[in-house]
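User: I'd like to learn how to read a model like this one, feature by feature. Could you take me through it?

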Amino acid sequence: MSVPLTSGRTFPQYGSVPRNTPVSLADPEDRPLKDDVQDFLDGGLAAWLTVFGSFLALFCSFGQMNAFGTFQSWYTTHQLQEMHPSTVAWIGSVQLWVFFFSGGFIGRVFDMYGPRTIMTLGTAVYVASILLTSVARAYHEYVLAQGVLSGLGVGMLFYPPLAAISTHFSKYRATALGIAMVGSGLGGAIYPILLQYLFVRIGFAWGLRVSAVICFVLCAIAAATVTSRIAPGKVDATGPWINLGALKDSRFSLLVAGSCFVSLGLFTPFCYIVSYATDHGVNSTTAFYILAVLNLASVLGRIAPAHFADVFGRFTLLVPCACLAGLSSLVLWSTAQTLTQLVLYAALYGLFSGAFNALIVPCIAQISDIREIGMRIGLLYSVISFPSLVGNPTAGMLLRVCNGSYTGLIVMSGASVVVGSFFMFLSKLKIHPDAFARV
């Protein structure tokens with residue numbers, strides 16, 4: 001039964017749903033989100049300093065993690081050259097898994113205590129992981145330092161600033177988050193070139209130490225500038241650390257399901273595009289620039305779609321961007337044989353995958369109570385940590401089973417992303433049954 005609320009209280013507008021829409025008291029998914037801190041300023045010094053600090057944090061944390069293809073290629077030709085690429089890929093997969101899985105706990109800590117303490121500790125953890133990687137010698141040491149410790153540090157520098165931005169903005173939330181996410185794309189474009197240059201000129205160990213200094217300075221600035229509008233103590237500290245009850249919201253659970261499929265294949269090109277290029281006759285030095293192009297294109301993908309999403313709807317853009325990312329792998333990567341073709345694929349894939357990364361967080365925030373934004377962001381990333389863990393090693397196994405052919409790897413990557421976009425489309429329909437509505 002649908003009963004109009006006539007108290008005069010206004011509710012936030014999501015997508016194409018007008019503010020005076022009658023609300024069903026019987027269906028909790030259809031109710032506007034209840035809160036008393038929803039009066040967003042959508043700007044101001046503190047808000048834009050938070051965006052700036054988030055940009056810096058993502059540049060040197062998630063941005064460097066996006067450059068794992070550089071490490072993958074270096075390890076397989078230097079320290080770990082006796083190991084199969086699928087074995088080496090576990091280092092990056094463990095890093096991704098720890099990064100994603102830690103999200104649930106980090107998001108909960110953010111909701112209770114805010115971003116500064118977590119980011120300060122995260123800076124120390126992340127810098128320590130880089131320094132320990134620089135002195136690692138054995139495979140298990142790389143897994144522990146670059147896999148476990150670095151993944152945790154990246155998580156502590158990734159989730160708090162994005163959740164903090166969501167507390168400062170509503171109407172322009174996707175735009176603000178997109179600007180911050182540009183940091184990860186720009187870092188992913190610069191780090192492959194920078195690290196390869198440093199590894200060749202001053203060696204692997206000293207190259208990482210230079211990177212550690214850069215990260216320490218930028219992350220320290222980020223920790224000092226990122227703030228949240230939700231003061232510590234506003235959230236019940238006695239509640240569950242990970243609220244699985246949020247999955248009862250079918251909009252959120254379908255979004256999580258779609259993200260699981262997407263994450264299974266989304267990072268495969270980042271890990272294997274360099275080795276694919278060298279195996280197809282591209283000079284090893286030039287091949288690193290393909291990864292840089294992929295990440296540089298994701299910068300545009302994080303800005304333009306995020307800006308238009310605030311006008312046309314976040315879910316409205318999320319679904320086609322995810323679908324096109326998968327289709328670009330199936331159509332373009334599978335047929336790429338020359339440097340030009342690979343650069344074209346890298347540019348398009350970077351554009352659409354970057355859009356997905358920029359839009360997923362504002363989509364979560366759009367269907368969440370402001371006090372649960374951190375928890376829900378963390379919960380989604382915790383769930384998708386498992387497909388992210390097995391994605392790249394599975395791709396490596398397909399590479400081995402196919403006797404060095406990349407066809408199976410590419411099909412798995414592209415198809416899983418396309419399937420994930422279908423579940424996100426179902427989530428959009430749960431918000432509004434009109435497939436073409438601005439949501």
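User: Where is threonine 123 found?

Analyst: Helices are DSSP runs of H or I with at least four residues, strands are runs of E with at least two, and both are numbered from the N terminus. Threonine 123 sits in helix H6 (residues 116-135). A word on the source: this is a predicted model, where local features need pLDDT of at least 70 and side-chain atom pairs count only at pLDDT 80 or more, while totals for chains, interfaces and linings use all residues. Residues are numbered from 1 along each chain as its sequence is written, and side-chain values use heavy atoms, with hydrogens and water left out.

User: Is threonine 123 buried or exposed, and which residues is it in contact with?

Analyst: Buried means under 20% relative accessible area, exposed means over 50%, and partly exposed is in between (1.4 Å probe, protein chains only). Threonine 123 has 6% relative accessibility, so it counts as buried. Contact means heavy atoms within 4.5 Å. Setting aside neighbours within four places in sequence, threonine 123 is in contact with Leu157, Phe216, Cys219 and Ala220.

User: What about asparagine 357: buried or exposed?

Analyst: Asparagine 357 is buried, because its relative accessible area is 9%. You'll find asparagine 357 in helix H14 (residues 339-366), and it touches Met181, Leu266 and Arg302, not counting residues up to four places away in sequence.

User: How many aromatic pairs does the structure hold?

Analyst: Rings of Phe, Tyr and Trp (its six-membered ring) pair if their centres lie within 6.5 Å; planes under 30 degrees apart are stacked, over 60 edge-to-face, and the rest tilted. The structure holds 34 such pairs. Take phenylalanine 62 and phenylalanine 158: their ring centres are 5.1 Å apart and their planes are at 35°, so this pair is tilted. Phenylalanine 62 lies in helix H2 (residues 62-65) and phenylalanine 158 in helix H7 (residues 139-168), so the pair ties together parts 96 residues apart in sequence. Phenylalanine 62 is buried at 3% relative accessible area, and phenylalanine 158 counts as buried at 1%.

User: At what angle do H8 and H12 pack?

Analyst: Axes are lines fitted to C-alpha atoms, for helices over the stretch in contact, and angles run from 0 to 180 degrees between N-to-C directions. H8 and helix H12 (residues 284-312) pack at about 175°, with their axes 8 Å apart. Under 35 degrees is roughly parallel, over 145 roughly antiparallel, 65 to 115 roughly perpendicular and the rest oblique. H8 and H12 are therefore roughly antiparallel.

User: What should I make of the phi of asparagine 403?

Analyst: Most residues other than glycine have a negative phi. Asparagine 403 has phi near 55°, a positive value in a residue other than glycine. Asparagine 403 is in the loop between helix H16 (385-401) and helix H17 (407-431), and counts as exposed at 74% relative accessibility.

User: And the whole chain: how many helices and strands are there?

Analyst: The chain has 17 helices and two strands. Buried residues make up 57% of its 439 residues. Among contacts between residues at least 6 apart in sequence, 83% join residues at least 24 apart.
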